[in-house]
2 protein chains.
Amino acid sequence: MFVLTRPDAAAQAALDMTAARKATTVDIPSLRDYLHGGAENRQRREDIVRVLSADPVFSKVGRDNMSRSKLFMRGQAMTRRLHELQNKLNWSNDDLRRSLSILDETLPLTLHFQAFEPVFNLQAGPALHAEYSALVATRGILGCYLQTELAHGTAVSALETTATYDPATREFELHSPSLTAAKWWSGAAGRTATHGVVQAQLILPGGKRMGPHLFFVQLRSLEDHRPMRGVVLGDQGPKALGGFAATDNGFVRFDRVRIPLKNMLSKFAQVTEAGEYVRPPHDKLAYGGMLYIRSGMVTGAGMMTAKAITIAIRYATVRRQGTPSPDGLEPQVISYPSVNGRLMPILARAYVFLRLGKALSSLFTTIAARLASGDTSLLAELHATTSGLKVFATTTSIADIESARRSAGGHGFSAAAGMGRLYAEWVPSASYEGDNYVLDQQVVRAALKAYRALKPGQTDLPPSSAYLQRLTGVENPPSGFTFTSVEALVADPSTLVALLEWRAALVVRELANAGEVTGMDAARVARAVTDAFVAARVAEMAQEVEKDGVRKEDAGVVKRLFVLYLLTSAEAALSDLLVHGLLCGTQEVGALRGTIATTCASLVPHAIGLTDAFAFSDWELDSALGMYDGRVYEALWERAQREPLNEKEVTDAYGESIKWVLQNGQRRAAEAQRNAKL
Amino acid sequence: MFVLTRPDAAAQAALDMTAARKATTVDIPSLRDYLHGGAENRQRREDIVRVLSADPVFSKVGRDNMSRSKLFMRGQAMTRRLHELQNKLNWSNDDLRRSLSILDETLPLTLHFQAFEPVFNLQAGPALHAEYSALVATRGILGCYLQTELAHGTAVSALETTATYDPATREFELHSPSLTAAKWWSGAAGRTATHGVVQAQLILPGGKRMGPHLFFVQLRSLEDHRPMRGVVLGDQGPKALGGFAATDNGFVRFDRVRIPLKNMLSKFAQVTEAGEYVRPPHDKLAYGGMLYIRSGMVTGAGMMTAKAITIAIRYATVRRQGTPSPDGLEPQVISYPSVNGRLMPILARAYVFLRLGKALSSLFTTIAARLASGDTSLLAELHATTSGLKVFATTTSIADIESARRSAGGHGFSAAAGMGRLYAEWVPSASYEGDNYVLDQQVVRAALKAYRALKPGQTDLPPSSAYLQRLTGVENPPSGFTFTSVEALVADPSTLVALLEWRAALVVRELANAGEVTGMDAARVARAVTDAFVAARVAEMAQEVEKDGVRKEDAGVVKRLFVLYLLTSAEAALSDLLVHGLLCGTQEVGALRGTIATTCASLVPHAIGLTDAFAFSDWELDSALGMYDGRVYEALWERAQREPLNEKEVTDAYGESIKWVLQNGQRRAAEAQRNAKL
């Protein structure tokens with residue numbers, strides 16, 4: 001019926017993808033292992049993807065048309081199926097966690113693993129542990145973490161919920177003294193969890209308020225799932241942008257709910273039977289879990305960015321637009337500097353975040369061991385660093401996902417593009433686990449403290465304030481910077497690290513001298529400090545590329561990505577660099593921008609290889625624009641044919657509404673014409 | 001049951017709002033008229049809001065829980081109801097359009113008004129006009145605009161759909177020669193429209209290709225709404241982030257569909273019966289409609305920003321967080337420089353966009369009159385200016401809506417906050433009506449052309465390149481800038497305009513000298529050019545504030561908003577200003593930032609008044625956080641109680657999934673414990 005009369009853009013797209021894949025020289029298998037933490041991890045991940053993508057319970061067809069209630073029910077069915085698969089295939093709990101991270105939607109079960117279980121395991125006392133740890137580990141009970149309240153978030157000291165100890169019965173009484181004391185945003189609390197760990201103000205006999213502590217409480221019956229007496233709870237309603245639809249973030253109010261003494265999580269602070277308080281060895285020991293979650297968010301940012309950039313680069317490779325060349329074909333849009341100049345830096349950040357996440361995990365495992373043995377010397381330090389990294393990784397990746405989506409023009413706004421979903425699921429990361437605006441202030445406070453403690457000639461600075469070293473010696477800030485060549489920077493990126501470290505040092509010093517933090521300073525200064533920390537890590541990572549298993553032939557390409565990362569970090573810091581004389585005049589700035597542009601262009605031939613190395617299946621990406629085979633137009637067409645609104649030839653809206661509108665208009669038009677003739 | 005034992009945060013929120021409202025000195029009625037284009041317009045808008053908000057058809061309760069199909073059907077019911085109201089209340093078509101702009105979701109009818117009717121009215125020939133104009137005006141037919149195709153967007157010259165003239169029958173044959181020729185993204189085409197205006201390549205006898213032209217075509221029967229023979233069409237599926245859910249953006253394929261000669265829109269270009277082509281007087285005359293739409297998008301950006309900032313400022317006024325002061329209350333978060341430093345510039349941009357939109361409408365009405373009389377001298381100029389404004393207004397307002405949403409922390413991610421919806425509905429504006437990335441390039445091209453045409457001593461530059469005047473005289477660029485005081489800048493903001501004009505001039509000159517546009521230059525240069533144009537308009541607007549009806553006592557506050565706008569524009573341009581020596585060193589930059597911070601702080605006491613002046617009803621904002629009375633926590637609580645997932649005490653998911661998971665876990669835990677004992 002539709003006979004072709006000119007080269008077919010749909011077929012051309014597939015040809016373009018094949019050609020681009022053929023042209024790339026990087027070795028996918030070794031890069032894939034490099035990005036996924038080794039061959040074993042990568043293989044395990046791949047096996048689970050194969051299982052899930054073949055199982056109809058995890059089908060993604062039609063989900064963009066489902067109501068939120070239906071998406072919730074579907075998520076619960078997926079949760080059951082994951083456990084059936086665990087039984088059947090002998091998955092470890094690590095495998096189960098892996099399967100959750102592979103799914104592109106957050107299930108209530110995620111909260112059990114990420115928010116409930118680690119806190120329980122780290123802080124439950126022996127009696128509680130003996131009674132519940134096996135059930136926690138097998139999901140014989142399902143947990144949630146209850147901290148945020150309706151009127152208070154990050155600042156736990158202001159929470160309203162109370163836990164009052166009664167020595168007569170050796171019980172705590174959990175209570176919500178007001179509407180605004182209702183726990184809010186607690187994932188899985190709304191409709192799923194049977195138990196929770198709740199942050200409440202501990203009140204001892206005599207009304208002595210001891211500040212927020214953690215308590216273990218049963219929320220729903222294990223017999224019939226009905227709420228326990230005195231517990232009022234439910235789902236808090238849908239989230240913005242359709243995000244987190246399958247998760248029942250909810251509210252919980254306690255009306256004088258009694259729990260036994262042992263239900264206080266007592267590993268670090270205890271109450272005796274008589275009602276006396278036993279101090280924890282270190283105030284902040286309890287925050288260990290949060291630090292771990294935050295460092296995991298760097299890897300999360302890397303994965304989300306990797307998905308978005310895979311889709312955007314594949315689409316930009318097959319999309320053609322502009323003045324045709326002699327062969328009659330329009331240029332591939334990835335060939336435009338305005339497109340590759342936007343996409344390649346995002347690709348670079350995906351690589352950086354994935355590897356940085358790995359580097360941090362090792363670092364934090366070491367520190368966790370020191371913590372466990374009572375050494376808390378690095379804790380404050382670590383807290384500031386992870387805060388800065390959390391802000392930086394989430395803010396940047398959210399913006400990158402949206403840039404990737406917009407790079408696809410109109411089609412990027414289709415749900416079928418898959419990038420909107422990434423955004424909706426990831427954008428709350430700017431607010432949860434510490435609101436980014438609040439964390440910025442903490443980073444700045446820690447930086448000012450480190451600056452003020454700085455001694456001349458000091459050489460033993462910890463990694464997070466290593467940039468301040470620049471101020472301790474006789475070295476003067478470099479005045480001006482020569483952008484030699486990308487090759488020279490690939491061989492030795494240390495000048496770029498110096499640039500970003502000097503910038504952080506001078507910005508912090510300026511703020512310290514100014515005496516007050518006004519307006520938007522915090523975000524700018526926190527970024528400078530984090531940039532310096534990350535730049536030093538990236539230079540280390542660049543040195544290790546081959547040792548980490550990348551082929552010698554490919555190491556240059558990966559290092560070029562890392563250099564591009566540092567160059568674009570410098571460009572984003574331009575006004576700081578100029579104000580402090582670290583960069584001067586149009587020529588140097590032009591050279592920086594020129595180097596970025598040529599680096600981006602030089603990476604285009606490798607773009608498909610470098611994104612294939614993320615190894616996402618079509619099922620994982622669930623994107624018509626990100627199809628592995630480049631057949632994006634057929635994919636868009638096929639998805640449109642499945643749209644439920646198209647099931648009937650004539651929409652039901654015709655009989656109910658449209659027909660009336662048309663007939664009303666026709667009557668009025670006829671009247672108007674009659675009147676005109678009179 | 002829940003007895004209060006401490007000051008109630010929910011009640012305090014209402015008290016805070018009342019106090020803030022009492023403290024404001026600005027006169028709401030006159031400011032309201034100033035922002036809504038006069039008392040008459042404002043009153044008309046208010047009347048319609050009253051009608052719609054009282055009508056259950058326009059209830060917003062529960063819509064965040066509806067599937068997309070349901071939201072589409074609901075939109076159709078609203079469309080019928082709007083027409084019933086038009087009949088009943090004698091609304092003009094302008095009133096109907098107003099009602100559409102009041103609704104916070106896009107209906108297919110919007111496309112009839114914005115995309116179909118203007119093109120039809122401007123370009124239909126006499127015969128077509130006589131036959132259809134009354135039906136178009138009354139919605140006796142429902143229209144859509146068919147331009148974008150599956151494989152081609154903004155660049156109309158590459159569209160694949162053909163319209164081949166057959167002199168034998170005096171008909172055109174519309175045809176889609178491939179899958180990728182399918183019209184795509186056409187709003188209202190999917191399931192609603194009966195007719196469309198289609199962009200197709202005109203082919204004359206002998207195969208002579210004349211480029212893209214517009215044709216009028218019937219898509220569906222007026223008898224039963226079934227698709228016409230040879231027309232394959234449908235809805236293309238859901239959009240990202242749940243946006244545009246009620247609109248049936250769709251696909252249309254033509255299989256040799258015949259339409260009569262008169263169906264070519266022949267006002268500007270014609271085909272004779274014999275098949276000869278009659279040239280249009282001016283190639284670009286047909287673009288007039290698009291220019292008008294783009295300038296309307298500046299007002300749209302202002303309205304969307306105004307809604308988001310009203311919600312954010314109200315919430316920041318009643319939300320308390322931090323170290324309590326002696327009265328026992330934590331500070332209102334709006335008192336933090338990091339919060340008001342973020343929100344006040346957004347408020348300033350809302351004011352600027354709303355007034356700028358009005359200024360542009362008048363300007364374009366004048367120019368349209370000159371166009372109609374054949375004077376096309378300003379058309380290219382106008383095209384570049386509106387392109388730049390469209391990019392600037394949409395990009396900025398999208399970012400501002402998201403900043404406003406994030407300023408509300410966790411609650412900002414609730415659908416009940418209402419800001420996610422604003423984002424989802426507005427974010428595609430970066431891609432439609434000309435993709436922002438593509439338009440940037442056009443702005444730069446026009447700027448370079450204007451620069452190259454510049455003559456020494458020239459004084460007759462049109463508004464869009466007025467900044468180039470700076471280069472024509474003996475004046476040297478200012479070296480350094482003194483930020484005297486906000487009062488001095490309010491009295492005379494011309495130094496700030498000069499700063500932004502010099503920056504545009506120097507950036508364009510630098511690019512012209514560099515010889516090539518690389519990487520990300522286009523966005524930066526386009527922004528500089530548009531900033532200069534807008535800065536000049538803002539200075540004009542500041543001079544007219546009192547003349548435009550604002551009380552003398554309030555004019556200072558409005559002008560301070562305008563100065564804040566200019567200051568933050570300069571801050572966003574910092575790296576350009578520093579590179580070109582227009583600003584130097586830490587002291588000047590510190591003074592700029594300091595001035596911004598003090599200006600923001602000084603506006604806090606007026607913030608509630610300045611946002612009340614937008615005059616949005618609670619129904620319009622549909623936001624628990626933006627409640628007029630400040631009772632945000634009660635509103636969040638009440639919405640949660642309406643969540644459908646909470647209807648049953650025990651979720652259906654328990655029987656289907658959760659119970660199995662728990663019992664499976666309990667069995668495994670018992671097994672593990674048995675094994676441990678062995």
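This is a predicted model: local features need pLDDT of at least 70, side-chain atom pairs count only at pLDDT 80 or more; totals for chains, interfaces and linings use all residues.
Stop 1: Colour chain A and chain B separately. The contact takes 153 residues from chain A and 153 residues from chain B. Together the chains bury about 13400 Å² between them. Carbon and sulfur atoms carry 62% of that area.

**Stop 2: links across the interface.** Select Arg68(B) and Glu643(A). They form a salt bridge, with their closest N and O atoms 3.6 Å apart. Between chain A and chain B the count is four salt bridges. The interface also holds 41 residue pairs in polar contact, both residues at pLDDT 80 or more.

**Stop 3: the chain A side.** Now select residues 652-677 of chain A. This is helix H22, which gives the most to the side of chain A that touches chain B, with 16 residues. By class, that side has 64 nonpolar, 52 polar and 37 charged residues.

**Stop 4: the cavity.** A search of the whole structure finds 10 cavities of 30 Å³ or more. Go to the second largest cavity, with about 880 Å³ of space. Which residues are closest to its centre? Select Leu241(A), Gly242(A), Gly243(A), Leu241(B) and Gly242(B) to see them, out of 49 lining residues.

**Stop 5: the cavity lining.** Select helix H4 (68-89) and helix H11 (419-426) in chain A, then helix H4 (68-89) and helix H11 (419-426) in chain B. Each supplies at least two residues of the lining of the second largest cavity. H11(B) gives the most, with five residues. Finish by colouring this lining by class: 21 nonpolar, 12 polar and 16 charged residues.

Technical notes:
Residues are numbered from 1 along each chain as its sequence is written. Chains are lettered from A and ligands numbered from 1 in the order in which they are written. Side-chain values use heavy atoms; hydrogens and water are left out. On a 1 Å grid over the protein atoms alone, a cavity is a set of points where a 1.4 Å probe fits but cannot get out, and a pocket is an open set with protein on both sides within 12 Å along at least five of seven lines; lining residues have an atom within 4 Å of a point. Grid points are joined across faces, edges and corners, and a volume is the space filled by probe spheres set on the points. Helices (H or I, at least four residues) and strands (E, at least two) are DSSP runs, numbered from the N terminus. Ala, Val, Leu, Ile, Met, Phe, Trp, Tyr, Cys and Pro count as nonpolar, Asp, Glu, Lys and Arg as charged, and the others, Gly among them, as polar. Contact means heavy atoms within 4.5 Å. Buried area is the accessible area (1.4 Å probe) that two parts lose on being put together, summed over both. A salt bridge is a side-chain nitrogen of Lys or Arg within 4 Å of a carboxyl oxygen of Asp or Glu. A polar contact is a pair of N or O atoms within 3.5 Å; within protein, one must be able to donate a hydrogen and the other to accept it, and residues adjacent in sequence count only if both atoms are side-chain atoms.
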